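Subject: Structure handover

Hello,

Here is the structure you were waiting for. Please open it next to this email and follow along.

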Amino acid sequence: MRTQRQVVDYSLRKRAVLRELLAGRVGTYDVCDASPYLKNAARFHGEATEERCPICRSENLTHVHYIYGDELKQSAGQARTLAELPVLAMTLREFQVFVVEVCLGCGWNHLVEQFLLGRDGLAGGVEDGSDQGAAGASAATAPGADPAVPRRREAQR
């Protein structure tokens, strides 16, 4: 996705959890504890992967994308399909996406990555007026400058 930024990958944490499980310091019930809500989100909104479950090795993992952000209001915390994310990214200024992998067979679940999406990530994209430098201020006060331009930017916020 074009506006994806500030990506945090949790693969090292996943490896550490699997190492703890293999060493016997953590039980299977501790890592295979997906809630019914997470399993339903994976079933109805998840994206199937080709990666096998590291615990049961009988089913493929499913990725669920949860979205959070101030502009989302009541929609914050909902699971969305991967196809919906680019549309939201062009509609909203900024929101956070958390990707969770889930095994519908044994209940394994782990946070895979998180990242930001939204129009604020477009290079040279939509300006919100908050980072106008001296050029923006001088253009608004320059003789012959249209005084309505700064007001339009204020109205867009």
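Below is what was found, going from the whole chain to single residues.

**Overall layout**

This is a predicted model. The protein chain has six helices and six strands. Their order along the sequence is β-α-α-α-β-β-β-α-β-β-α-α. Of the 157 residues in the protein chain, 29% are buried. The exposed surface comes to about 9900 Å², and carbon and sulfur atoms supply 51% of it. Take the contacts between residues at least 6 apart in sequence: 61% of them join residues at least 24 apart.

**The cores**

The largest nonpolar core has 11 residues. They are Ile 67, Leu 72, Leu 85, Leu 88, Ala 89, Leu 92, Phe 95, Val 97, Val 99, Phe 115 and Leu 117. As general background, nonpolar side chains tend to be buried together in soluble globular proteins.

**Strand β5 and its neighbours**

Start with β5. Six of its eight residues are buried, so the strand is mostly covered. On one pairing, β5 runs antiparallel to β3 (residues 60–68), with seven bridges joining them. Val 64 has Val 100 of β5 as its bridge partner. β5 also pairs with β6, again in the antiparallel sense, over eight bridges. Here Val 100 has Leu 111 of β6 as its bridge partner.

β5 and β6 form a hairpin, with six residues between them. Gly 107 sits in the turn and has a positive phi of about 95 degrees.

Now look at Thr 62, which is in strand β3. Thr 62 counts as buried because its relative accessibility is 8%, and the cut-off for buried is under 20%. Leaving out residues up to four places away in sequence, Thr 62 touches Ala 42, Gly 46, Glu 47, Ala 48, Thr 49, Val 100, Glu 101, Val 102 and Leu 104.

Helix α1 covers residues 11–23. Its 13 residues reach 18 Å from first C-alpha to last, close to the 18 Å expected at 1.5 Å a residue. Which residues of α1 are buried? They are Lys 14, Ala 16 and Val 17. Seen down the axis, these buried residues fall within an arc of 160 degrees, so they line one face of α1. Leu 12, Arg 15 and Leu 22 are exposed on the other side. The cover over the buried residues of α1 includes α2 (28–31), β2 (47–52), β3, β5 and β6. Just after α1, Gly 24 takes a positive phi of about 85 degrees.

In α4, the buried residues are Leu 85, Leu 88 and Ala 89. They fall within an arc of 105 degrees seen down the axis, so they line one face of α4. What covers them includes β3, β4 (79–80), β5 and β6. Leu 85, Leu 88 and Ala 89 are also listed in the largest core.

Leu 85 deserves a look. Its place is in helix α4. Leu 85 is buried, with a relative accessible area of 0%. Leu 85 and Ile 67 are 18 residues apart in sequence, and their C-alpha atoms are 8.9 Å apart in space.

**Backbone angles to check**

Most residues other than glycine have a negative phi.

- Gln 6 is in strand β1 (residues 5–9). Its phi is positive, near 50 degrees, and Gln 6 is not a glycine. Gln 6 counts as exposed, at 60% relative accessibility.
- Lys 73 is in the loop between β3 and β4. Lys 73 has a positive phi of about 50 degrees, although it is not a glycine. Lys 73 counts as exposed too, at 62% relative accessibility.

Best wishes

Terms used
Residues are numbered from 1 along each chain as its sequence is written. This is a predicted model: local features need pLDDT of at least 70, side-chain atom pairs count only at pLDDT 80 or more; totals for chains, interfaces and linings use all residues. Side-chain values use heavy atoms; hydrogens and water are left out. A nonpolar core is a set of buried Ala, Val, Leu, Ile, Met, Phe, Trp, Tyr and Cys residues joined through side-chain atoms within 4.5 Å. Buried means under 20% relative accessible area, exposed over 50%, partly exposed in between (1.4 Å probe, protein chains only). Helices (H or I, at least four residues) and strands (E, at least two) are DSSP runs, numbered from the N terminus. Two strands pair if DSSP finds at least two bridges between them. Contact means heavy atoms within 4.5 Å. Accessible areas come from the Shrake-Rupley method with a 1.4 Å probe; for residues, only the protein chains shown count as cover. The expected span of a helix is 1.5 Å times one less than its number of residues. The arc is that of the directions from the helix axis to the C-beta atoms.
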